[in-house]
Amino acid sequence: MITPIYGYGEPVLRKVGEEITPDYPNLKEVIANMYDTMYNAYGVGLAAPQVGLAIRLFVVDTEPFSDNDELSKEEQQLLKGFKKTFINAKMIKEEGEEWSFNEGCLSIPDVREDVFRKEKITIEYFDEDFNKKTEVYDGLIARVIQHEYDHIEGILFTDRISTLKKTLIKKKLQNIMDGKAFPDYRMKFANKKGR
């Protein structure tokens with residue numbers, strides 16, 4: 001089921017997510033709905049706070065990035081097959097050079113900015129069957145995970161840009177809060193009832 005995506009300014013996007021247990025109500029359904037919602041909005045990742053749930057859960061499917069001809073064939077293959085659910089994720093390590101990539105977010109439509117992040121991560125999490133895993137990722141996969149991980153920590157990508165850039169996008173962010181953003185997917189806006 002496709003659910004509305006919560007827009008910039010919604011308080012849930014600023015909450016640090018709570019850990020959940022395997023008996024979290026309707027967990028399989030919540031995860032399935034998140035994938036449906038993400039695909040409907042043409043996203044590569046979606047975190048629970050973006051659908052109004054302040055829990056430590058996010059989903060990732062990097063396949064849309066796999067047709068980028070600037071990437072090596074090897075990275076394209078990795079991106080094509082990378083679809084995972086992360087529960088109670090904990091970032092163990094971020095290392096390597098910082099690199100810039102133009103990021104966007106389904107909760108902040110029509111805003112894209114260059115964000116610097118470390119190139120390699122080690123993350124511990126549970127999959128949808130509550131098997132514990134510790135894995136290492138780099139490149140675009142690491143970046144998508146870092147972006148979604150920020151969401152369960154109450155951090156948005158706009159928090160990681162310069163003060164000047166924040167000033168330049170201030171009006172766009174206010175418009176999102178006021179419901180004056182019109183992406184082709186359903187959203188819930190902080191200062192507007194319904195849609």
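Is Phe101 buried, partly exposed or exposed, and what is its relative accessibility? In this predicted model, Phe101 counts as partly exposed because its relative accessibility is 23%, and the cut-off for buried is under 20%.

Five strands, in the order 2-3-4-5-6, make up an open sheet with antiparallel pairing. Strand 2 (45-47) and strand 6 are at the edges, each pairing on one side only. On average, neighbouring strands of this sheet are turned by 45 degrees against each other, direction ignored. Between strand 2 and strand 3, the antiparallel pairing runs over 3 bridges, and Leu46 stands opposite Val59 in strand 3. Helix 1 lies across strand 2, strand 3 and strand 4, and runs at about 45 degrees to strand 3.

Aromatic side chains come next. A pair of aromatic rings is described by the distance of the centres and the angle of the planes. Across the whole structure, 7 aromatic pairs are found. In one of them, the ring centres of Phe65 and Phe101 are 6.0 Å apart and the planes are at 85 degrees, so this pair is edge-to-face. Phe65 belongs to the loop between strand 3 (57-61) and helix 2 (73-80), while Phe101 belongs to strand 4 (residues 83-105), so the pair ties together parts that are 36 residues apart in sequence. Phe65 is partly exposed as well, with a relative accessible area of 24%.

Phe82 and Tyr137 are also edge-to-face, because their ring centres are 5.1 Å apart with the planes at 80 degrees. This pair links distant parts of the chain, 55 residues apart: Phe82 is in the loop between helix 2 and strand 4, and Tyr137 is in strand 6 (residues 132-138). Phe82 counts as buried at 7% relative accessibility, and Tyr137 is buried with a relative accessible area of 13%. Elsewhere, Phe58, Phe86 and Tyr125 form one aromatic cluster.

Charged side chains meet aromatic rings too. The charged end of Lys83 sits over the ring of Tyr35, 4.7 Å from the ring centre. Arg143 lies over the face of Trp99, at 4.3 Å from the ring centre.

A last stop is Glu10, in the loop between strand 1 (5-6) and helix 1 (27-40). Glu10 counts as buried because its relative accessibility is 7%. Leaving aside residues up to four places away in sequence, Glu10 touches Lys188, Phe189 and Ala190.

Technical notes: Residues numbered from 1 in each chain as written. Predicted model: local features only at pLDDT ≥ 70, side-chain atom pairs only at ≥ 80, totals over all residues. Heavy atoms only, no water. Helix = DSSP H or I, 4+ residues; strand = E, 2+ residues; numbered from the N terminus. Buried < 20%, exposed > 50% of the residue type's maximum accessible area, 1.4 Å probe, protein only. Contact = heavy atoms within 4.5 Å. Phe/Tyr/Trp six-rings, centres within 6.5 Å; stacked < 30°, edge-to-face > 60°. Lys NZ or Arg CZ within 6 Å of the ring centre and 35° of its normal. Pairing = 2+ DSSP bridges. Axes fitted to C-alpha atoms, helices over the stretch in contact; angles between N-to-C directions.
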